[in-house]
Amino acid sequence: MKAKKVMALVLAGILTVSAFAGCGENGDPKESGSKSVSENGTVELEVWNCNTGFLPCEKDSELYNFYKELTGVGIIQPYVEWNGGSNYQQQLNLKISAGEMPDLFLPVNGMEADLIKNGALLDLTDILPEKAPHLWESVPEEVWDIVRSYDPTGEGRIYGVPNVRGFTVYSGLIRQDWLDALDLEMPTTQDEFVEVLRAFKEDDPNGNGMADEIPTGGREEAKWMDHLFAMYGLAMQEGAPDWDIYDGELTYAGVTENMKDALQFIRGLYEEGLLDPETLLNDKAGWEGKINSDRVGVCYHWAESATAFSEAMKTATGTEPDWAVLPAISAPGYESFYTTKQVTGLEWVVKNTEDEAVIDAVMKVLDAYGNPDLWDDFYYGIEGMHSEKVNGKLQKKADDKGTQQNLIINPANSLADLEFKVEMFKDMEAADESRTWALDQAIRDLEEVQQYGKVVAGDGMPSSVYEGYPDILNRTLYVEYASKIITGEYDIDKFDEFVEKWYASGGEEVTKAAREWYAKTQ
Amino acid sequence: MKVRESVNDRIFRLVITFILVVLAIITLIPLLTVLALSFSSKAAADMNIVNLRPVGFTFASWKYILSNREIWKSFFLTVVATVSGVLLALMITSMMAYPLSKKEFKAAKILMVAALITMVFKAPIVPYFLTVKSIGLFNHPLVLVLPQILTAYNMIIMRSFFQQFPLEVEEAAMIDGAGRFRLFYQIVIPSSKAVLATVGLFYGVTIWNQFQHPMMFIQDTDLFPLQMKIRQLIGDGSELQTLASMAGINYSDRTLQAAVVVFAILPIIIVYPFLQKYFAKGAMLGSVKG
C-alpha cells in the first residue's frame with residue numbers, strides 16, 4: 001500500500017516537472033522569430049511545397065544561389081516527404097504546432113481555412129498589387145474573385161496565391177492512324193462514334209491479324225473515361241463528378257439525369273464489348289500498358305500526353321501512333337464539353353508577420369513567380385543539373401532524384417498559360433528533331449482541344465464544402481452504383497435509389513454549402 | 001520405434017501439405033512478379049506485360065539502384081541503427097522484465113500497469129512530436145534507435161519467460177554467493193537465448209522497417225534510413241509523365257520501384273531462416289505460461 005502511494009507521488013511529481021518544462025519551451029522568444037538575415041543582408045525564407053523525392057535546398061547550395069539570382073531572396077527548402085500529401089500535411093501541422101510555420105508554403109486539404117481564422121496567415125489583399133504586380137497581372141481577375149470566396153470570415157480578403165490553369169488540359173484522344181487505316185472519318189455524332197468503336201473492334205486497325213483491339217475504356221472507379229460522360233454535358237474531372245449548373249442551380253453532376261443517361265450509354269458499350277471488359281479493374285499501369293501496346297483506340301487523358309503515349313508505344317512496339325483530339329461529341333439532346341477548371345486550390349500562402357523585411361522578401365519571390373519573363377528560368381532550372389544545352393537550346397534532363405534539387409518554384413505547372421506550354425514543346429523540338437513527330441501531336445492537340453473546353457461553375461470550389469462528409473468527397477456511393485450499373489449488375493433504375501441515398505447521407509448538406517459558396521463568387 | 005501411420009493420417013498430412021504449398025505459392029507470386037519486373041526492360045513495363053518471368057531481361061534498374069551512393073549510405077545507416085538498436089533494446093528490456101517477473105518485488109504490479117497503459121493508450125502525435133523534439137532528437141540519427149528500445153509488448157513476453165525460469169537454479173546460485181546482478185548476467189541471460197532471439201527479431205524488424213517514425217523526425221536527407229530513401233526514390237507515380245527525352249534509358253519508375261523493393265527486403269529474408277526456430281518457439285512463450 002505504501003509503495004503504491006510513493007509511486008503515485010513520484011509519478012505526479014514527474015508530470016508536474018515535465019508540464020513546467022513544456023511551458024518554458026513554448027515561451028522561449030528565440031524560437032518564435034524564425035526569420036534570419038545572413039551577413040550580406042539577404043533575407044532567408046523557409047519555403048515548403050510539393051517534393052516527390054528530389055534533393056532539398058540548403059543554404060549556399062546550387063539551387064539556393066540560382067533562386068537568389070532570380071528573386072534576390074535566399075530560399076531554404078527542407079526535405080519533406082510528400083507521400084500523396086498526407087505526410088506533408090502532418091509535418092506541416094507538427095511544425096505549426098511547434099511554432100515554426102514556414103514563411104511561404106503550399107496549404108493542403110483546405111487547411112488554410114483554420115489558419116486564416118486564427119490569424120496565422122498574412123492578408124495579401126493590399127500588398128500583392130503593390131509589391132508583386134507581375135503576379136497580380138498574371139492571374140485573371142475572376143480567379144482572384146474565387147480566391148476571395150475562400151476567406152472563411154466572409155470579408156472577401158485574399159489570403160493566398162491560387163494554382164491557376166487557364167486552359168483546357170484534358171481531352172478524349174483517338175488513334176487518327178487507326179481511322180486512316182480503316183478509311184474512316186473523325187466521328188462527330190454519337191452514332192458515328194459508336195460505329196467507329198465497332199470498326200476498331202472488328203476490322204483489325206493495328207493490323208496484327210488478331211482481334212485484340214480494345215475500342216475504348218478507362219480505369220477503376222469509373223475514372224479516366226470522361227470522354228464518354230462528356231457527351232452528356234457532365235462536369236467531370238478525372239472521373240470524379242464535379243459541380244455545374246443543372247436546372248438553373250449549382251448541382252453535383254453525379255446525381256443529375258445527365259448522369260443516368262450517360263451510365264445507360266456506357267452500360268450499352270460494356271454489353272457490346274466496346275468498352276474494355278476490365279475497365280473497372282484497370283489500375284494506372286494496367287490501362288496504360290494496354291494503351292502503350294497498340295491495342296486501345298480511344299482513351300481520355302491530358303492532351304499533352306499524346307507525346308508520352310506515342311513515344312512509349314514507339315519504343316515498345318515500333319509503331320508510330322497518332323493520338324488526335326476526339327471532339328466533344330454531343331449525345332442527342334445534350335451539349336457536350338470537356339470540363340475545364342481554372343483554379344485547383346491555393347498554391348502559396350504566407351505566414352503572418354509584421355516584419356517588413358520578411359514581407360518584402362516574400363513579395364519578391366511571388367513577383368518573380370508571376371513574371372512570365374522568368375518562367376523559362378524556373379522551368380529549366382540549373383543548366384547541368386536539371387537541363388542541358390542541346391543544339392543551342394536548353395532541354396530538360398531525365399528526372400534523377402539522386403542528383404537534382406527540387407524545383408520548388410514551378411510556375412510552368414501552376415500559373416503559366418497555354419502559350420508558354422506550346423513554346424515549351426517547340427523548344428523540345430528544336431533541341432531534338434527526332435522527337436518532332438511525337439511532340440507535334442501534343443502541340444496540335446493542346447491547341448485543338450481548347451474549342452471543346454468549358455469552365456464549369458464548380459471551378460475553384462474549396463474542399464471545405466465537404467467538411468464532415470468524407471464519403472461524399474471520396475464519392476464512395478457513386479463509385480459503387482456507377483460500377484454496378486455499368487457492368488449490368490444493377491438495373492439502370494437503381495440510379496434513382498442512389499440519388500436518394502446520396503442526398504440522405506450528406507449530399508443535402510454538401511449541396512447547401514456548395515451553393516452558399518457559389519453565391520459568394522457571383 | 002516408428003509408429004506406423006494410418007491411412008487417415010496420411011491423407012490428412014497430404015491435405016495439409018497441399019494447402020500449405022498452395023499458400024506458399026500464393027505468397028510467393030507477388031514477390032516473383034516484383035523480382036521479374038526489376039529485371040525487365042522499360043518497354044515491357046510500359047506495356048504491362050511482365051508476369052512471373054522478366055521480359056526484355058536487363059540489369060538497367062539494378063545498375064541504377066546499386067550505383068546510387070545515397071542508397072548505400074542509407075543502407076549502412078539502417079544496418080547500424082538496427083544492430084545497435086537491437087542490442088540496446090535487449091539490454092533495457094531484459095533489465096526491466098527481470099525484476100518485474102519477481103514476486104518479491106512489491107512495485108512490480110504498478111510498474112506493469114504503467115507499462116500496459118503505454119500499450120493501450122498511445123501518446124497523441126503532437127505532444128509526442130514536441131517531446132521528442134525538445135529532447136533534441138529532431139533530425140538526429142539517434143531518433144532511429146532511442147524511441148524504439150522498449151516496447152511493452154516485448155517486455156511482457158520476456159517477463160513471462162523469466163517467470164518460468166526455475167526458481168531452484170536461481171536459489172542455488174544465490175547460495176553459491178552470486179548477487180542479483182551476477183545471477184542475472186551469468187545465469188538467467190545465457191539460458192534465455194530463445195526469448196532473446198525472438199524479442200531481438202521483433203525489435204530488429206521494427207527498426208529495419210520503421211518509416212512513419214523517421215518520416216516525422218528526420219528531414220535531413222543524409223540521415224534517411226533505407227525505407228525513407230526508397231520512398232524518396234520511387235516517389236508518387238505522377239499522372240503526367242515527364243517529357244524529358246528518355247532515349248537510351250532502359251528503366252522506368254516501375255522497374256526502379258521493383259528493384260528497390262527487392263533490395264530492401266532482401267536482408268530480412270536472408271536473416272529470417274536462421275532465426276526461425278527461435279522465432280516459432282519464442283512466439284509461443286507468452287501463451288504456454290500456466
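**Figure 1. The enclosed strand β12 of chain A and its sheet.** In this predicted model, 7 of the 7 residues of strand β12(A) are buried, so β12(A) is largely enclosed by the rest of the structure; a residue counts as buried if 20 or more other C-beta atoms lie within 10 Å of its own, as exposed if 12 or fewer do, and as partly exposed in between, with C-beta atoms placed from the backbone. Helices (H or I, at least four residues) and strands (E, at least two) are DSSP runs, numbered from the N terminus. β12(A) belongs to an open sheet of 4 strands in the order β7-β12-β6-β13 (chain A), with mixed pairing, where two strands pair if DSSP finds at least two bridges between them. At the edges stand β7 (214–216) and β13 (323–326) of chain A, each with a single partner strand, so one side of each is left without a neighbour in the sheet. From one strand to the next the twist averages 40°, with axes fitted as lines to C-alpha atoms (for helices over the stretch in contact) and angles running from 0 to 180 degrees between N-to-C directions. Residues are numbered from 1 along each chain as its sequence is written, and chains are lettered from A and ligands numbered from 1 in the order in which they are written. Because the model is predicted, local features need pLDDT of at least 70 and side-chain atom pairs count only at pLDDT 80 or more, whereas totals for chains, interfaces and linings use all residues.

**Figure 2. Strand pairing in the sheet of chain A.** Strands of a sheet pair through backbone hydrogen bonds, either parallel or antiparallel. β6(A) and β12(A) are antiparallel and share 5 bridges, and Tyr170(A) has Trp302(A) as its bridge partner in β12(A). Strand β6 (residues 170–175) of chain A also pairs with β13(A) in the antiparallel sense, over 4 bridges, where the bridge partner of Gly172(A) is Leu326(A). By contrast, β7(A) and β12(A) run parallel and are joined by 2 bridges, with Thr216(A) partnered by Val298(A) in β12(A).

**Figure 3. Helix α19 on the sheet of chain A.** Helix α19 (residues 436–449) of chain A lies across β6 and β13 of chain A and runs at about 5° to β13(A).

**Figure 4. The largest nonpolar core.** The largest nonpolar core has 160 residues, and those with the most contacts inside it are Val362(A) and Val365(A); such a core is a set of buried Ala, Val, Leu, Ile, Met, Phe, Trp, Tyr and Cys residues joined through C-beta atoms within 7 Å. Helix α15 (residues 356–369) of chain A gives the most to this core, with 9 residues. The core draws at least three residues from each of domain 1 (36–166 + 343–416) and domain 2 (170–341 + 437–521) of chain A, the domain bounds coming from an automatic or database domain assignment. Leaving aside its neighbours within four places in sequence, Val362(A) is in contact with Leu45(A), Asp103(A), Leu104(A) and Val350(A), two residues being in contact if their C-beta atoms, placed from the backbone, lie within 7 Å. Apart from this core lies another, of 28 residues, among them Leu90(B), Phe129(B), Met158(B) and Leu201(B).

**Figure 5. The buried side of helix α21 of chain A.** In helix α21 (residues 476–486) of chain A the buried residues are Tyr478(A), Tyr481(A), Ala482(A), Ile485(A) and Ile486(A). They cover an arc of only 125° around the axis, which puts them on the same side of α21(A); the arc is that of the directions from the helix axis to the C-beta atoms. These buried residues pack against β9 (240–241), α12 (257–272) and α22 (494–521) of chain A. Gly488(A), which follows α21(A), has a positive phi near 85°.

**Figure 6. Contact between chains A and B.** The contact takes 40 residues from chain A and 37 residues from chain B. On the side of chain A that touches chain B, the elements giving two or more residues are α1 (2–26), α4 (86–97), α13 (284–292) and α14 of chain A, and α14(A) gives the most, with 6 residues.

**Figure 7. Two loop residues with positive phi.** Most residues other than glycine have a negative phi. Asp60(A), in the loop between β2 (43–48) and α3 (62–71) of chain A, has a positive phi of about 65° although it is not a glycine, and Asp60(A) is exposed, with 9 other C-beta atoms within 10 Å. Glu238(A) has a positive phi of about 50° and is partly exposed, with 16 other C-beta atoms within 10 Å.
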